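Keep the viewer open and click along as the residues come up.

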Amino acid sequence: MRFASLGSGSRGNALVVEVGSTRVLLDAGFGPREMTRRLARQGLVPADIAAVLVTHEHADHAGGAFSCGRSFGWEIRLTHGTLAACQARRGAEKIELVDSQASFSIGEIEVQPFPVPHDAREPVQFVFSNGDRRLGVLTDAGHVTAHIVAQLDACDALVLECNHSAAMLAEGPYPAALKRRIG
């Protein structure tokens with residue numbers, strides 16, 4: 001199992017996970033042109049991606065999912081709540097709904113979603129496995145719960161996004177409504 005971050009931050013998030021010949025993208029916060037450029041830095045092209053898993057509807061995670069899905073023919077997997085929140089961005093994509101607590105497979109990758117507390121309609125995070133190794137990913141969780149700990153406890157590797165700074169938020173350029181939401 002291999003993984004690589006294509007970007008992590010308020011301007012966009014994406015992570016590639018690879019098991020054997022199967023590659024999935026976790027989140028697609030970049031549009032088709034930028035996504036192609038970021039994949040190329042890993043020696044990949046859009047056709048190498050089997051599916052995109054979307055954690056939640058915020059633009060830095062889902063902003064490019066639907067345009068990339070249309071451009072590259074990618075299947076997009078997301079929860080019902082996330083899909084409902086993203087209706088305005090939809091077009092003619094291949095959509096597969098994900099139960100936030102039911103595991104599934106994409107090619108050689110076993111995927112276990114789990115719900116997290118975040119200000120979104122039905123946010124999830126994921127644990128990926130090849131049968132021997134487990135990779136857990138946790139971004140945009142409002143706080144850590146016992147369920148999150150249980151899901152990530154036996155992982156061999158963990159990707160965490162932790163970037164909250166009250167001072168940076170207060171002094172930063174975001175509009176007041178966004179500052180309240182993030183705070």
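A word before we start: this is a predicted model, and residues are numbered from 1 along each chain as its sequence is written.

Let's begin with helix α1, residues 32-40, and helix α3, residues 65-72. Their axes are 9 Å apart, and the two helices pack at an angle of about 75°. Angles from 65 to 115 degrees count as roughly perpendicular, so α1 is described as roughly perpendicular to α3. Which residues of α1 and α3 make the contact? On the α1 side they are Pro32, Met35 and Thr36, and on the α3 side they are Ser67, Cys68, Ser71 and Phe72. Sorted by class, this contact of α1 with α3 has 4 nonpolar and 3 polar residues, and no charged ones.

**Aromatic rings and a charge**

The structure holds 2 aromatic pairs. In one of them, the ring centres of Phe72 and Trp74 are 4.9 Å apart and the ring planes stand at 50°, so this pair is tilted. Are the two partners buried or exposed, or partly exposed? Trp74 is buried, with a relative accessible area of 1%, whereas Phe72 is partly exposed, with a relative accessible area of 25%.

Arg38 lies over the face of Phe30, and the distance to the ring centre is 3.9 Å.

**Two aspartates with positive phi**

Next, turn to the backbone. Asp27 has a phi near 70°, which is a positive value in a residue other than glycine. You will find Asp27 in the loop between β3 (22-26) and α1. Asp140 is not a glycine either, and its phi is positive at about 50°. Asp140 sits in the loop between β10 (134-138) and α5 (146-152). Asp27 has a relative accessible area of 2% and is buried. Asp140 comes in at 19% relative accessibility; buried means under 20%, so Asp140 counts as buried.

Phe114 belongs to strand β8, residues 109-115. Phe114 is buried, with a relative accessible area of 0%. What is Phe114 in contact with, leaving aside its neighbours within four places in sequence? The contacts include Pro123, Val124, Gln125, Phe126 and Val127, and among them are also Ser100, Val137, His147, Ile148, Gln151 and Leu152.

Val16 is placed in strand β2, residues 14-19. Val16 is buried as well, with a relative accessible area of 5%. Not counting residues up to four places away in sequence, Val16 touches Arg2, Phe3, Ala4 and Leu6, along with Arg23, Val24, Leu25, Leu39 and Leu44.

**Around the end of α2**

Ala62 lies in helix α2, residues 59-62. At 0% relative accessibility, Ala62 counts as buried. Gly63 is found in the loop between α2 and α3. Gly63 is partly exposed, with a relative accessible area of 40%.

**Distances along the sequence and through space**

| Pair | Apart in sequence | Apart in space, C-alpha to C-alpha |
|---|---|---|
| Phe114 and Arg90 | 24 residues | 24 Å |
| Ala62 and Asn13 | 49 residues | 8.4 Å |
| Val16 and Phe114 | 98 residues | 19 Å |
| Gly63 and Ala28 | 35 residues | 6.5 Å |

In the row for Gly63 and Ala28, 35 residues in sequence go with 6.5 Å in space.

Terms used:
This is a predicted model: local features need pLDDT of at least 70, side-chain atom pairs count only at pLDDT 80 or more; totals for chains, interfaces and linings use all residues. Side-chain values use heavy atoms; hydrogens and water are left out. Rings of Phe, Tyr and Trp (its six-membered ring) pair if their centres lie within 6.5 Å; planes under 30 degrees apart count as stacked, over 60 as edge-to-face and the rest as tilted. Buried means under 20% relative accessible area, exposed over 50%, partly exposed in between (1.4 Å probe, protein chains only). A charge sits over a ring if NZ of Lys or CZ of Arg is within 6 Å of the ring centre and within 35 degrees of the ring normal. Axes are lines fitted to C-alpha atoms, for helices over the stretch in contact, and angles run from 0 to 180 degrees between N-to-C directions. Helices (H or I, at least four residues) and strands (E, at least two) are DSSP runs, numbered from the N terminus. Angles under 35 degrees count as roughly parallel, over 145 as roughly antiparallel, 65 to 115 as roughly perpendicular and the rest as oblique. Contact means heavy atoms within 4.5 Å. Ala, Val, Leu, Ile, Met, Phe, Trp, Tyr, Cys and Pro count as nonpolar, Asp, Glu, Lys and Arg as charged, and the others, Gly among them, as polar.
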